[in-house]
Amino acid sequence: MANPAARFGARKRTGGINITPFVDVLLVVLVIFILTSNASIPGIKVDLPKASASVALEKPKTKAITIDNAGNVFLDAYPVTLPELEERLRTEKALSPDFPVIVRGDASVQYAKVVDVLDLLRRIELNQIGLVTGKQK
């Protein structure tokens, strides 16, 4: 009778490296990296108004202007006055003329404060301006 191991498909393992455990470890590291990376725009926590559709405007050099519910203005999480904001944005425009700016206004802030900031951006002649909203529930 023939060898029983050959009859049931038992074969000798060929030489080589088994990469399955390596791929498993890489996938776990990838998942951990995705979960721990922070892709949010730096700024102050505000209650955003809701809109039916929103577009992601975040880019690496995006400047975030935040207006909280008390009417305070922040540039990238640092409190500024309107003249300071204008000076800093003019300086940034001198360095890179075509940088995007997003405006995050609290839903309960007075509309005039947001219009003041938008008017300032128009005077500086910034073209890439976005208004951040939250999603409707």
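**Figure 1. Burial and fold of the chain.** In this predicted model, 26% of the 137 residues of the chain count as buried. The accessible surface of the chain comes to about 10,200 Å², and 59% of that surface belongs to carbon and sulfur atoms. The chain has four helices and seven strands. Read from the N terminus on, its elements follow the order α-α-β-β-β-β-α-β-α-β-β. Among contacts in the chain with a separation of 6 or more, 69% are between residues 24 or more positions apart.

Figure 2. Ile17, Ile19, Phe22, Val23, Leu26, Leu27, Leu30, Phe33 and Ile34 make a nonpolar surface patch of about 950 Å². One of these residues, isoleucine 17, lies in the loop between helix H1 (4-7) and helix H2 (20-36). Isoleucine 17 counts as exposed because its relative accessibility is 78%, and the cut-off for exposed is over 50%.

Figure 3. Helix H4 covers residues 111-124. At 1.5 Å a residue, its 14 residues should span 20 Å, and the end C-alpha atoms are 20 Å apart, which agrees. The buried residues in H4 are Val114, Val117, Leu120, Leu121 and Ile124. Seen down the axis of H4, these buried residues fall within an arc of 120°, so they line one face of the helix. An α-helix has 3.6 residues a turn, so residues three or four places apart point the same way. Tyr111 and Arg122, on the other side of H4, are exposed. Just after H4, glutamate 125 has a positive phi of about 65°.

**Figure 4. What covers helix H4.** The buried residues of H4 are covered by several elements, including helix H3 (82-95). Strand E2 (63-67), strand E3 (73-75), strand E5 (101-105) and strand E6 (129-131) are also among the elements that cover them.

Figure 5. Side chains of opposite charge can pair when their charged atoms come close. The structure holds six salt bridges. In one of them, the side chains of glutamate 92 and lysine 63 meet, with an N to O distance of 4.0 Å. This pair links distant parts of the chain, as glutamate 92 is in helix H3 and lysine 63 is in strand E2, 29 residues apart. Glutamate 92 counts as buried because its relative accessibility is 18%, and the cut-off for buried is under 20%. Lysine 63 is buried too, with a relative accessible area of 19%.

Figure 6. Salt bridges link Glu86, Arg90, Asp119, Arg122 and Arg123 in a network. Within this network, glutamate 86 forms a salt bridge with arginine 123, and their closest N and O atoms are 3.8 Å apart. That pair also links distant parts of the chain, with glutamate 86 in helix H3 and arginine 123 in helix H4, 37 residues apart. Arginine 123 forms a salt bridge with aspartate 119 as well, where the closest N and O atoms are 4.0 Å apart. Arginine 123 and aspartate 119 are four residues apart in helix H4, so about one helical turn separates them. Arginine 123 is partly exposed, with a relative accessible area of 42%. Aspartate 119 is partly exposed as well, with a relative accessible area of 28%.

Conventions. Residues numbered from 1 in each chain as written. Predicted model: local features only at pLDDT ≥ 70, side-chain atom pairs only at ≥ 80, totals over all residues. Heavy atoms only, no water. Patch = residues over 30% accessible without salt bridge, like charges linked within 9 Å, V, L, I, M, F, W, Y side chains within 5 Å. Areas by Shrake-Rupley, 256 points an atom, 1.4 Å probe, with all protein chains shown as cover. Helix = DSSP H or I, 4+ residues; strand = E, 2+ residues; numbered from the N terminus. Buried < 20%, exposed > 50% of the residue type's maximum accessible area, 1.4 Å probe, protein only. Expected span 1.5 Å × (residues − 1). Arc of directions from axis to C-beta. Contact = heavy atoms within 4.5 Å.
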